[in-house]
Amino acid sequence: MKKITKATYLKWYEDMLFWRKFEDKLAQVYIQQKVRGFLHLYNGQEAILAGSLHVMDLTKDKMITAYRNHVQPIGMGVDPKRVMAELYGKKTGTSQGLGGSMHIFSKEHRFYGGHGIVGGQIPLGAGLAFADKYFKREAVTLTFFGDGAARQGSLHETLTMAVKWNLPVVFCVENNGYAMGTSVARTAKNTEIWKLGLGYDMPCGPVDAMNPVKVAEAMDEAISRARRGDGPTFLELKTYRYRGHSMSDAQLYRTKDEVAEYQKIDPITQVLDIIKEKKYATDKEIKVIDQRVKDLVAECEKFADESDYPDKNVMYDTVYEQEDYPFLSHKVE
């Protein structure tokens, strides 16, 4: 695995802090109705992305996930201004404002969404991996989904094919404890989701996903295995989200004390503590990073605010239409 250095910790701190503040801003503008529809925030889960990016090859590896998908494309290289503009529904967004919160996408940066259907991205992730194997690209696809999606039948169908064909894919369950609002303990007798991999003779295991180092170590092993041609891995990334499932979630299923306990092991705080302990940066240098993050978030908001909405014809131009479709007639009798 690529060595974890002073530069790594400083990058992790700045990246994770930016992701957190970026989404905090989204929460604010959502209340102002500048962002509409659904909004699912990643607060608390940032160590998963930070650790994964450390060991990925961003020149060829791919990522696909569900609808909690705003910061992942930023980590993969997408301009954060365009991500915020997409949430605003503006034409400068990643999909000209047509995708919105749940459908951020960038083929250029190998980020394949953003999917609103629970578990819908799981077979697609295996499909991306199949294409890479078929064309001998030596790339690996990280397929993320939540603990709720682990109950989908499509997961098991996908695992069967992925193991059978030795696909270069890592299945990553982001277990934040409550799916949409129901705890894992209420949906299954066995709460250790990673054990699902045992039934497919697939390497699998739990990961402390509040710590980017632990995530990087587990991901490095899984990605290396896939790149060698030895097939998929199934990882349960045990994390916690500080906000509700979406902005409309009243969070009646958990207590404020429980959230406060998990905030004691906040991934950003963990990284900052190490930076201070090892004297990787002075308080003054940390304040400079904090200000840089604040300025960039403000820049993203300004860009989204000032961008124009797309023309109405864009909606029609991006829908497939076959003029000679045999079962429809445009003639009026």
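1. Basis. The model is predicted, so local features need pLDDT of at least 70 and side-chain atom pairs pLDDT 80 or more, while totals for chains, interfaces and linings use all residues. Residues are numbered from 1 along each chain as its sequence is written, and side-chain values use heavy atoms, without hydrogens and water.

2. Overall build. The protein chain has twelve helices and five strands (DSSP runs: H or I of at least four residues, E of at least two, numbered from the N terminus). Its radius of gyration is 21 Å, close to the 20 Å from the globule rule for 333 residues, so the chain is as compact as a globular protein of that length (C-alpha atoms; 2.2 Å times the number of residues to the power 0.38).

3. Burial. Of the 333 residues, 50% are buried (under 20% relative accessible area, 1.4 Å probe, protein chains only).

4. Asn211. This residue sits in the loop between strand 4 (204-208) and helix 8 (212-228). Leaving out residues up to four places away in sequence, Asn211 touches Ala47 and Gln270 (heavy atoms within 4.5 Å).

5. Largest pocket. Its volume is about 320 Å³ (the space filled by probe spheres set on grid points joined across faces, edges and corners; a pocket is an open set on a 1 Å grid over the protein atoms alone, where a 1.4 Å probe fits, with protein on both sides within 12 Å along at least five of seven lines, and lining residues have an atom within 4 Å of a point). Among the 18 lining residues, Lys11, Asp15, Trp19, Leu53 and Gly75 are the closest to the centre. Helix 1 contributes the most, with seven residues.
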